[in-house]
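Open the model in your viewer and keep the sequence panel beside it. The tour below goes from stop to stop, saying what to select and what is there.

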Amino acid sequence: MLRAIGRLPHRLGTPTRCIKATFVTSSRGPLKAQQAPVPKPRRSLEKYDTSLDGYFAPRTSTSIGSSHTGDPSQKPREFTILTPPPNVTGYLHIGHALTASIQDSIVRWRRMRGESVSWIPGMDHAGISTQTVVEKKLMRERQLTRHDLGRSAFIEQIWDWKNLHGDRIMTQFRRLGASVDWDQSFFTLDEPRSKAVKSAFIQLFNQGLVYRDTRLVNWCCALETVISDIEVDHEDVTGRTMLNVPGRKKKVEFGVLHEFAYKVEGGSDQELVVSTTRIETMLGDVAVAIHPDDPRYKHLHGQYVIHPISGKRLPIICDDQLVDMSFGTGAVKITPAHDPNDYAFGKRHSLPIGMNRFDAREKIVADLTERGMYRGKNENHAMRLARCSRSGDVIEPLVMPQWYVKCDTMAEKALEAAQDQRLVFHPDYSVKDWNRWLENIQDWCISRQLWWGHRIPAYKAIFEDISEARTLFSPETLNDGPWLVGDSEEEAAQSLKSTLESMNRPDLKFKLVQDDDVLDTWFSSALLPLSSLGWTGNQMSASKSITNIIPDRYPTSIIETGTDIMFFWVARMVMLCTQLSGQEPFKDIMFHAMVRDAQGKKMSKSVGNVIDPMHVIEGIALKDLKATVENSNLAAKEVKRSLLQMEKDYPNGIKASGADALRYTLVSATQQTRQINLDLSNVASAQHFANKLWNLYAFSKTRFDDAQYQPMVQPESTLAAGLETGAKGNMSLVERFIMSRLADTVTQVNQGMEQLEPSTATDALRKFIIQDLCDVYVEFCKPALFSPEEPLERKTSLLRVLQTCLDASFRMMHPFMPFVTEELWQRMLPESASPSTSIMTSAFPTASELGNWKDEAADRDMEIALGLIQGSRSLRQSHQVPMSRSLPFTIWTSDPTLLTMEGALQQALPYLTHFTRAQGPLTIIDGTKSPLPEELSTATAAVHVVMPHLKLYAPLAAIQTAKELDAAAGAGAKADAGAQSKARQELKRYEKKLGTIRADLEKLEARLARPEYMERVPENVREFDAKRKEALLVQEEHLLATIRTFQGQ
């Protein structure tokens, strides 16, 4: 690949401050010569939104954009995508910023291609989080609980809080520059989404996919609700460990195995000792299990033990599946559930009602000890602790009736969709996690014991005459039911009346009570591909028939989100939406990695390494950064640790870098597919890159004005006037080269975006703009553009190409840096352009537009020219000859094609003379016809090998003369002594390098000399070895010449 000349000196104007996150009004007034553009005052966010009204809505024709057909009546290709809805309680965190940056780059790219883009934003009602926030506020401000207020009044309080604070994160999304269709915003608890959720529940219930069952569930005591299996985290404890538990001031002991005894029935002294980590649950024990083959307990088969506290008679049961004879005592207490009997036991034994379970643990141990039945504890017990992923509380397994979604058949369809490529994963290896989870899926518990959320549309029937009801319904049904599901209580009542009529008991009186529980927040989120587009479920058609109307833009095009919610959200969307619509909700599933700090550590407020996107965009002083921790709810110890980390990481606070720099950094970092380590130095680098764009425009604007060249940028085309035909005409090598590199970059950028690899696009753009456009084209153009003798026609040709590259660069950079590119592109528009013209709706550069400019010969020739220039600088550096001293260079080549008029050397000769700082004309030797002059032998000249057939020489005598002249112009004896000391250091370095080269050469020659080499080594490897040997010999020759130069000083 081509590489830049290096750090060529250039004068692109004074660096300016990068525009942060604002849409600046266009200004096309002339800039002063040699002056970079100065950002205008930032407009307010409200005015920003107004000025963009209509730009983000789906377009109805293809009249604008790079994929337009020219027929305004033709319907454009649709592209629909959802934002993963952030919690209404939340602030914009770095994960949100990453998601928004990736999605916005995709959306802006597709919009510029002429597609009808609908990027739908929304917020999640966040049942648990929101209820918790408002409950804490209520207690803090009024010392009231939600139960003091009652359900209706408490929900009103939450709505008031939501209306006051809920739009905070949406404002931050605007600050980041997310070009979502704000008119389509949704809230997962608004009326359309509520209708959709209720309808979906009823449909799934009628299909047998939603059911109610009594099972062991995960109860979070801190949140006072059930959570699903995938909301449980597991923590390994290797022995006695004291851990913090929410709601307790002192730590709780885990990793301990308690032992206590059951007396065997019969009045003897026999006892059965059991082991347990949860001794507080022994009040609910119903049996003791032993292994049937355990010789210690053979005599106890079929017998009973007496509960040491309740006095209950418990059977001894043999079970070879549950019991491990080698674990503990080999006897296991059986507690299928915590039942109402626990209440009676607690009353009898003076346990306060509502006693904390861990306090109860201590009380039970004390009680058993007093009764002489406690046998001690093992403090080296390894165990796995189940914790609530939301609160951190230790999960309490309880048996409760709950609502479930039957997942197995829907999971099979989701697996088949992935296998048949109806679902395509990016990166593709994530499908393994998808398959692993769905192949082992459990039914989903969707009940939550909350008040804030979608109340379950199920009603329990309570009969006046229960004895009559027992003749109609089974005991299991009456124990928890019967339950009726309906859109309203009236609909549910009518359903039960119909059932009773069919049983010939229409007169049986009843009342209905709606379930107090709400649905898991993820249930409503799983419907969003349908509900966000307006789907509300089954509807009554004009013919009075029930129809399931699927929205026009369904299925959506893609979902993009973090890997952490693959199962919480993505899999559930696929299962539910496919079941309800008959089609997968999207085809492409794009995952990004989790963002961590620069050292790869998980971000945590308690650690102090959380990066707030707003701090990066706007900047924050260290004292204000500390205040965010000091005013938080962290414990004093965690505050201290967090502050120390902040002082270490941000001693001067966080510098304002702007939204463009943050967005570009985040998108570029997606090449890290496992985890993204975010280093703020990379954001600073991206800000410098944004300033590079300003400086590039400043240079171009000045050159345009000097030559009286009018750019005349047009939204529908990237190519400047005169370049549309693709004719290269009398273009110079550097013009053909940069147009070829532009064509190649356009291809790479579009392919990267098409393949959902935006980091490929950002990488290609950065290389093109910095290495090709700035470091090569601009530098190569300067001699002609600054020369008063250069013909105007020649300057115009160079500027025409510069305009095209500048215009194309801004358009391609726009999806990643929307603010700076909009401002600069606006400045290139002609005065006649419509005020509504925006880069957002201009045509994105395409391969079809620029493909004819791909020029492999120009790429190759320029690579040779850059290699020679770099070679001249390498020779200067190795011999300490500054650029201010010219040297007589000679180019030797054995490739005759380079010597023709169309060859690289003749094409690049003016550039080579200028950038090598050659003394007089460059000498070119045809190695196929003329021998190398004696003055250029290895003993008398320094050589740099560009390629095996292309070398650059400089006489050692000329090098020595240049060094002497430079030394004479220095600071006298002191400078000369310093130069000599530096020369000795350089000599040692080159001698060491020569030793390494010779060692490598010896190893290679020994390998080549082996008898079996020619027979066993493949031909391509032998060719590689031969080329490597030639390169090593050339390097050895070059180093020897260099060392002789130093030794002759």
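Begin by selecting residues 458-463, which are strand S22, together with S24; the two pair in the antiparallel sense over five bridges. Strands, like helices, are DSSP runs numbered from the N terminus (helices are H or I with at least four residues, strands are E with at least two). Two strands count as paired if DSSP finds at least two bridges between them. To see one of these bridges, pick lysine 460, whose partner in S24 is valine 513.

Before going on, note that this is a predicted model, in which local features need pLDDT of at least 70, side-chain atom pairs count only at pLDDT 80 or more, and totals for chains, interfaces and linings use all residues. Residues are numbered from 1 along each chain as its sequence is written, and side-chain values use heavy atoms, with hydrogens and water left out.

**The sheet around S22**

The three strands form an open sheet in the order S23-S22-S24, and the pairing is antiparallel. Its edge strands, each pairing on one side only, are S23 (483-485) and S24 (510-514). Direction ignored, neighbouring strands of this sheet are turned by 35° against each other on average. Now select residues 489-502: this is helix H14, which lies across S22, S23 and S24 and runs at about 140° to S24. Axes here are lines fitted to C-alpha atoms, for helices over the stretch in contact, and angles run from 0 to 180 degrees between N-to-C directions.

**The whole chain**

Zoom out. The protein chain has 33 helices and 35 strands. Of its 1049 residues, 52% are buried, where buried means under 20% relative accessible area, exposed over 50%, and partly exposed in between (1.4 Å probe, protein chains only). Among contacts with a separation of 6 or more, 78% are between residues 24 or more positions apart; contact means heavy atoms within 4.5 Å.

Select residues 191-206, helix H7. H7 has 16 residues and reaches 23 Å from its first C-alpha to its last, close to the expected 22 Å. The expected span is 1.5 Å times one less than the number of residues. Which residues of H7 are buried? They are Arg193, Ala196, Val197, Ser199, Ala200, Phe201, Ile202, Gln203 and Leu204. After H7 comes glycine 208, with a positive phi near 80°.

Next, select S5 (residues 210-220), which pairs with S6 in the antiparallel sense over three bridges. Tryptophan 219 stands opposite valine 226 in S6. These strands belong to an open sheet of four, in the order S6-S5-S18-S20, with antiparallel pairing. S6 (225-227) and S20 (444-445) are its edge strands, each pairing on one side only.

**Strand S14 and its partners**

Select S14 (residues 313-318) and S12 (residues 287-290); these pair in the parallel sense over three bridges. Alanine 289 has isoleucine 317 in S14 as its bridge partner.

**Two helix pairs**

Two packed helices are described by the angle between their axes and the distance between the axes.

Select H19 (residues 622-630) and H20 (residues 636-649). Their axes come within 10 Å and cross at roughly 160°. H19 and H20 are therefore roughly antiparallel to each other. Angles under 35 degrees count as roughly parallel, over 145 as roughly antiparallel, 65 to 115 as roughly perpendicular and the rest as oblique. The crossing is right-handed; that is the term if the near helix is turned clockwise from the far one by less than a right angle, and left-handed if anticlockwise. Residues that meet include Leu622 and Leu625 in H19, and Val639 and Leu643 in H20.

Move to H24 (residues 758-786) and H25 (residues 792-813), which pack at about 165° with axes 11 Å apart. That makes H24 roughly antiparallel to H25. This crossing is left-handed. Among the residues in contact are Leu765, Phe768 and Tyr777 in H24, and Leu798, Cys805 and Met812 in H25.

**Last stop: threonine 665**

Select threonine 665 in helix H21 (residues 658-668). Is threonine 665 buried or exposed? Threonine 665 is buried, with a relative accessible area of 7%. Not counting residues up to four places away in sequence, threonine 665 touches Leu678, Asn682, Val683 and Ala686.
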